[in-house]
Every structure is written in C-alpha cells, then in structure tokens.
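We will go from one stop to the next.

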Amino acid sequence: MISKENFYKAIEVLGFKRNGNSMIWSKCFGSLDCVMEVDMSENKPTYPEKIQSDSNTTRNFSQPESYVVFICIAMLLDKGYRPEHIYLEKTWALGHSAKSGRADITVYDENGNNVLFIIECKRAGKDFSDARKLLFEGRDDKQLFSYLAQARSAKWLQLLAIDYDEEKKDIKIFEEIVKSHDDENVAILAEKDESILLYKNASQAEDLFRVWDETYNKKTYKGLIFGKDTTAYKIGLRPLRKKDLSEFSNDDGITNSFLEILRHNSISDKENAFNKLLSLFICKMVDEKERLDDDEVDFQYKEGSDNYFTLYERLLRLFHRGMDKFLKEDVFYLEDDYITRTLNQYTGKQRKYLEAELKQSFQRTKLLSCQVFAFREIYNEKLFMQNGKVLVEMVELFQNYRLAYSSRKAFLGELFENLLNQGFKQDEGQFFTPMPITRFIWNSLPIERFINFETRSCPKVIDYACGAGHFLTEGISAISDAFKDHGFTGEQEMTDEEISASFYGVEKDNRLARVSKVALLLNGANEAHIKAMDGLDHDVNFLGEKNTFDILVANPPYAVDAFKAHLERRILKEFDLLQYMSASSKTIEKVFVERIDQLLKPFGIAGVILPKSIMTDEDAAGIKIREILLERFFIHCIVYFEGKTFSKTPTSTVVLFLEKRETQPRASSLLKDSVDAILSGKDVADWSDKDIYSKYLKIIDVEEAVYQSFRTKKAEIEELKDNEYLSRYVKTFESDAEIVKFRNTKGFKAFSKADQKALLKNKFYEFAFAIERDKIFYFSLACDNHVLIVKAPLDNKKQKEFLGYKSSDRKGKQGVTEIEGALSSANRNDNKKIAWCVKKIFDDDFVNNEASLSYSNYVHLPLLMNFSKPKFNKVIYNVPVSSFKLNSKYPVETVGNLLVPIAGNKTKIDAEYILESGQIPVITQDRGKFISGYTNNEEVITDLPLIVFGDHSCCFKFVDFAFVRGADGTQLIKVDENKIRLNESGKTKCARFEKRNVQKSGKTKRSKNFAHTTL
C-alpha cells in the first residue's frame, strides 16, 4: 500500500520533482496552469486553488487513503481534467438517514454543470478488498449509490486503490468502475418488458443498487478513466483489440458469474445454456485466430454502437467460419450482400425464379439461424430482445480474456471443466472420465516408443468415443511432456498445436463432439481432428485406412438399449461379434472392443475403460469377445475399479491395457498347428509344441501318461473316470440330453454291447476333443502372456486414497478434487506410482514399488482362466483359479449346485414407481434399508423364502414374505432346502456353503505381499 515511506517514489513516477535537498516535491501542469505540491516534512499536500473542498481531511495526510487521493488528483490532471471541475470531499446525504457522507473525489463534466463520475479511494490490500466485497454484497450502506442518488447525472462510479510496485518501479491501480447509466438496448427492451429495472426510473440508493444487481449483473469495468488511450471527459468503452486480451486467473469467478447470469435472467436450462456457450467459444476462438495483435476483435459488445441485431449478426459470421474451420461442419448463413447478389443474378426471364429463391432462403434462415445463440426460446421480437440482453452479458463475461493459445494452459482446462460439470447432463451410457483416471492411463502407456524425437513426429492417436475430450487433451499434454523430457524446450519446444495434428476424436453425440473440440481449442490443441459420427463407423476420408493408429484410448458407452437396431447396415457387416448378439442386446461396449482391432496397427497399444462384466459374461457375445481379446492382443494389465471411480454410476469397471499382436502371420494361425500336433496322438517333438503341452498338463493337473492314453484315444470311457479332470468330461457326456436320447433309440439298442461301446467311445472323443481343442488353443495363446492385476479396495475411503481424488455432487462444489493417490501423479515418471509399474509391464519388465505391493499381483494369464471344467467359457478372473480351492471343515460345494429355479412371478419395478406407502413391500439392493418402499402391483413374488442379492451393492437380504423387487441390480436366489435349510434370520442351520468365487465378495484378507505367479 501507499505509505509515507514510499509515497515520494510513487509521485516521482508521475513526474513530481524534489526541490533541491528539501522535503518538498512539486509538479506543474502547464496546460492547466496549476501546480501540485507536497511537503513531506510537514506531511502536508497542496492542491491547485481551483479545486474545491467541503472538508480539510484530505488537505493533510492524517488519513492513510489521503496519499491515494493525492495521487489520483495528479493522475486526473495528467489526463486533462480541469481543476475547477474537481471537487474534494463533497458532502452528500446518505440514504434516508440524517447522516451525510463525503465522496473523496467528485468530477464534473467539461461544462462544469453535471457530475460525470465519483471516486471513492481506499488503501491497496485489505481495505480495498473489504470495500470491494461490501460493494458487491450491498453492505456498504450503498455508499457510492447513495452519492449517485444525490447526483443523478453521474455516469460512472469508481472504487479505487493505488499501490507502488517496488520491483517494476511503477504505480499499480486496483479499481472497480460501475456504469451508472442505462444501456440503450436495455432501455429499448424495458419498453416491452416492464420487469426490467432501469437507472432512470430509480431514485433511492437501494433502488439504484438493485438495478446494478438485477439488470446489469453487477458488471464492472477497468481502465475507462486512467487507461492509456483514455481522454478527459470522454469516458466510454474503448475498442477492444487482440493485444488488450488478458489471461484468466483462478480469482476471476467465471463459473459463478456464468451461473449468476442464468439465475438473474431466470434461465433454468443449464444444459442448453452450456451448449450456447460452446457456440460462443467457437466464435471467440476463430476471432482470435484470425486477428493480428493491433486488430479490433469482433467478439465484443460495442457499447454505444451495437444493438442486439448487429451483435448477433457479427457473432453468426464468426460461428459460420468457426464451425467450418474447427469442426468441418456447414452452417447455413446468408451473407450481408445476399439480396443484392440475388437481384443482380435473376435478370430478364430469370426474374420469375427470384421469388422462389428468396422464399426458400429466408425460410431456411428462420428455421436454422435464429437459435444458434438462444439462451432462451426465441419466436418473437420481444423474446429476441430478452435473449439479446443475456447474450450481451455472456459476451461481456468472456470478451476481455484470451482463449487461443498454442499450448495447454491449466487454468483454461480447469475453467472448462467447471463449466462442463455445471452445464452438461451425462446421458445413457455416457460417463465423463475423471481427469486423474485419464492421466493414470496415459502415464501407464509407453508412448515414447511411438515418438521419433529426431524427426519430431508424433504417434497417431484415436479416442473413438471422445465425449468431452478428456483423453485427447491429456494425451497431447503427455506427449508434450515427453518432448520436454528429451530437451525440447524454449525455441525447440514442440507445441500442443503441432502435437494435436496426429490426434483424432470421434463422438456420436453432436453436442459432445463440439464440447470435445472446444476443450481441445482451449488447451491449445487447435489441429486435432474431431468428427461427429458413430465410433463404430469408419470414414476413410477422415480416419485414413484401418489398422493405422499407434495408440487408442477410450471410455466407450456401456449398456445402450437395443443399439443394434440403430446401426447402419454397412456397420453391421463389419463386426463378427454382432452375429452373437440378440436384437435387444445392450452390451455395445463389447463391439467397441472388436473395433480396437480394426483401428490399431500391429504392436499398437490401447488403454480402454470397460464394465468389469466383460471379463466374466458367459453369454455367446461375452465368450466371443474374450476370444477376440486372446487371439488379437496381449493383455498387459487389468485394473479393477470399484463404485467410487465414476460419481455418476456405481458400475464397477476395468481398464484393459492391450498391445495388438502381429498380424502377418497371426499367432492364432500358427498355434492351430500346435493344437493339431498335441491332439493327433503323435509324439510332440517340436520344442514349442512340447512346451505348450507340458504347461497345459500342469494347469489341468493331469499326469502325462494318463493324458497320453486320452489324446491317443486308447483309454476306454470307464478308465477315464479314475481321473478327476477327465471324469468331468465323462459325467457331462453321459448326462447330455442328446446322448441320453441316442442311447434310448431302437437303432442303438439293436447294436451289440461291443458295438454300442465303440459307438459311444467315438462320440465321447468327438465331444471331448472339440472342447480340448478349444482349451489348448486359447491356453497356447495365453501362455506367452503375463498380466499385472491391479485391484481397487472395496472400502470407500480407501478407494479415494487409491484413486487419488474424491468426487462431489454438492451444489457449488461439483466435480473432482485431487488428493495424493496410489495410481498416478502429475509427475509422469513417478516411479512410486502404479502407473510406472504398468508402463514397465509393456516391455515385460516386472518391477514393483510400495503402491503396487498393496494392490497388485503379477500373474501368468492361463492361471486366471478355468481350464478344469468341460464348459470352457474363457472367463478371466482377477485372482488365480487355483486359489479358488478352499480348505474347510465343512463340505465344499459350488453355489450353482445348491440353487433351484424360482417358480411364478419375478416382478421388477423401476425406482420412479416405488411409493412411500402401499400394499406390497419393495425390496431393492439398497444397503441402508431392508424395505425401500411399497407398490400396489399385484404380480407379487411368492416362491419363498428367497435371497435378494444386489449386484452393485453386494448386499444380501433374506425375504420370507410376498414382495416385489427393484429393477436396478437385484438378483433372486433360491437355495435347495434339501441341501441347505434356512432359519428365520437367513442363517444356515444344518449346513454351510462357501461361495466358489469367495475372493469376489471382498471378505477374504488380501495379502500385502506382491505375488508373481506363473506356471
């Protein structure tokens, strides 16, 4: 702040000179024929005689703000304000009370008749901050507005503080300038809308403050009085030039200002408002891109010369150019000279077509153009004017800031995230990936292997469901950091703009495609390619040929109802998986896995978020997608997340870190020869065949001599019953409905016993070999694959510590707050995080650290698959299958053998139909309530008792009364009471069963020792 110690330094900046060795500084304002002087020995200022005053308070420096007043007067005189038009400490009545207040500085217009502006001076620092806060909250007795009530001619009010910058040896101004006269366009709008308050209709301080608050959203200005290009008495908004644009700071409160504009204009549709804001961002970005530093920008409200129509027209031109430049989308737009050109074109006999052309064009204009910036619905002039007021406020909110950069600016990304959280509703199957997760995935990928630092070439990257662009912006940042780590800084820096040229984003939702592009623009990634199209489609003109991408990162949509019906025919032909899916299938995420194979080049890598069920689904499509994964990719790491990962859905997810196998030839083609060799019954001579064979025998726990008799078909069926593994084939074969039916046919019974035995033996080996061939083939594919398994804890608090962030949906606190976590950090090469371990695994470099010890296992992939049963569904578990075997004093049985079908109704109802009272209880998976509500639905569940299981909450509820279940995630379990008898509390009475996959319940203790498990 200005004090006696630095005051003389501040005035010397303004041209004051010290008189010899005295303590007097003075300055002559020649054109105004006046002098200002200060005697620091007496602590006394001397102002020009023509400056009037109602008090002597500022005639000395007894009050600290008097230093600010003195400097302010000097600056006014420097600008050319005449001393006779300046009034010190003019006395004004304050409100309705008998009190009076003195305005520090009152300045009259050039005729000296009317007050032009009033200045209230404060010390820099806390005094100014407190005064500013009181001004905006209306808790300063409305001091400035009380002065305004007495001086209604005043056009401006200024709260001012001045400081001296010791480092720059210059004066620093802090100010808030309130425009205290009405905007002409708002005044016109008020003629049609009586709810709009105007200054001209207000007389009391409270009313004037309310106008500033409700009509003008407490808007303030800077630089209008003391700015470089300002002129005395000619206060107005200067033309805004590109060089005038400033950077955002965290203190600007843009998000709150955006919400406040919506609030005081009674706009409740935040999502529509956010979409319109995106359109404005596109306008601003293209405007900045096309302007030189000294050019006046088009993205501004030119007060005094603009009306709502001219502003709208200028923005529409920018939008047209921006959509073409950034999103390659056409926007219907009529140029200003359209009518002239059309009239000139249709001459003579062609004039008869003129009317039709004009009608068609203006009809399209009405339909297509008027809603581009419609924060509220527009269908008449009054509504257009009301929307115009909102549009002006939105433009003014952003016009003074710079958005376009060639590299990432963290504050812009944070601003956009805040606006996104406030203004975008996540729809069916779409959940934005938290930034810490996108960073973890990128930090886990060995991106350096795809960067040529010598030629400055970058990997070709795609996100085929790019949503809000989080993966793309983070990926560009990751590659930028890699270049910096290799010495590309300063003039050699690789800009985000250059890096983004090899990034591609595809998004089916047109709105989200625009969100993604704007996010990239705000992060300096202007050259990224974004297109609104189906992520399962392949546009060769946009993406290039298939199998050309180095890196794929994505969080594709999950659980989309009947998605097959909406796919174009040509897309349906492109995916083998679709033939395994019904018309009502919802698991679109599985098709996106097959799409990875279409996009990546051999040895390309991927990090993809998917539902955890993709590893265990046992329907035809679930089995097929794991076949695709095993045949076409190395699975380097699987990270299992729990319900706290995505705040908008409790779905448990996994991240698959994949590397595409060689395709010429495919490993799957070569390994079929090995399978044939093993099952041919001949000697396994080839070293690779022998290695596969020995490891396979180990995993199925069968001695070589026993399996030799099986693979040579020498063993009789009865002999195979002595081996635990092979006996399962026999049991399954003999109970097969087709075999039972065959054995009961007259034709079969007509054969001799020996012939019957031979027939059944042939059929058995045909049955068993088909399954064994499948098992050995996928075992051999998995045999050269070790997997890092990372599992998040189940406890909510520990999940946050694992993830490194916490989510909030609280009003005003929405979004993600980062904390220290185990997964990753801002340091991309942090060798203390799990991401470091994952990255090393891509190079088969198994390392561990403190973070990985707590959450990870390194396992040979075949150990995560169950080869022991005849039904081979390729499920990939998150613990070795051998650990499923339990040592218990009780009989151990699989759950499936303890359950029986449920008879009668299995009625589900959606949450919206659950009532607070009714005839029938509703049981959901809610942990907090046994009964979640009621219904009057008469189709009750009556086959009792039952256990209701929540597949998200992992909650069990024993129910022995008629009920209806909630539709979301509830499963019904009915036990065979001949094997297990339940008492009233649902506990076992005479027997106990233990779930085969007990590890999945989270009840077992996880070892703190990092396990490396292999065959």
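Across the whole structure, a search finds 57 salt bridges, each a side-chain nitrogen of Lys or Arg within 4 Å of a carboxyl oxygen of Asp or Glu. Before you click on, note that this is a predicted model, where local features need pLDDT of at least 70, side-chain atom pairs count only at pLDDT 80 or more, and totals for chains, interfaces and linings use all residues. Residues are numbered from 1 along each chain as its sequence is written, and side-chain values use heavy atoms, without hydrogens and water.

Select Lys222 and Glu176 to begin. Their closest N and O atoms are 3.5 Å apart in a salt bridge. Lys222 sits in the loop between helix H6 (205–215) and helix H7 (254–264) and Glu176 in strand S10, so the pair ties together parts 46 residues apart in sequence. (Helices, H or I of at least four residues, and strands, E of at least two, are DSSP runs numbered from the N terminus.) Which of the two is buried and which exposed? Lys222 is exposed at 53% relative accessible area, while Glu176 is buried at 4%; buried means under 20%, exposed over 50%, and partly exposed in between, with a 1.4 Å probe and protein chains only.

Next, pick Glu627 and Lys874, whose side chains form a salt bridge at 2.8 Å, N to O. Glu627 belongs to helix H21 (residues 620–632) and Lys874 to the loop between strand S21 (856–860) and S22, so this pair ties together parts 247 residues apart in sequence. Both Glu627 and Lys874 are buried.

Finally, select Asp576, Asp597, Arg632 and Lys660: salt bridges with shared partners join them into one network.
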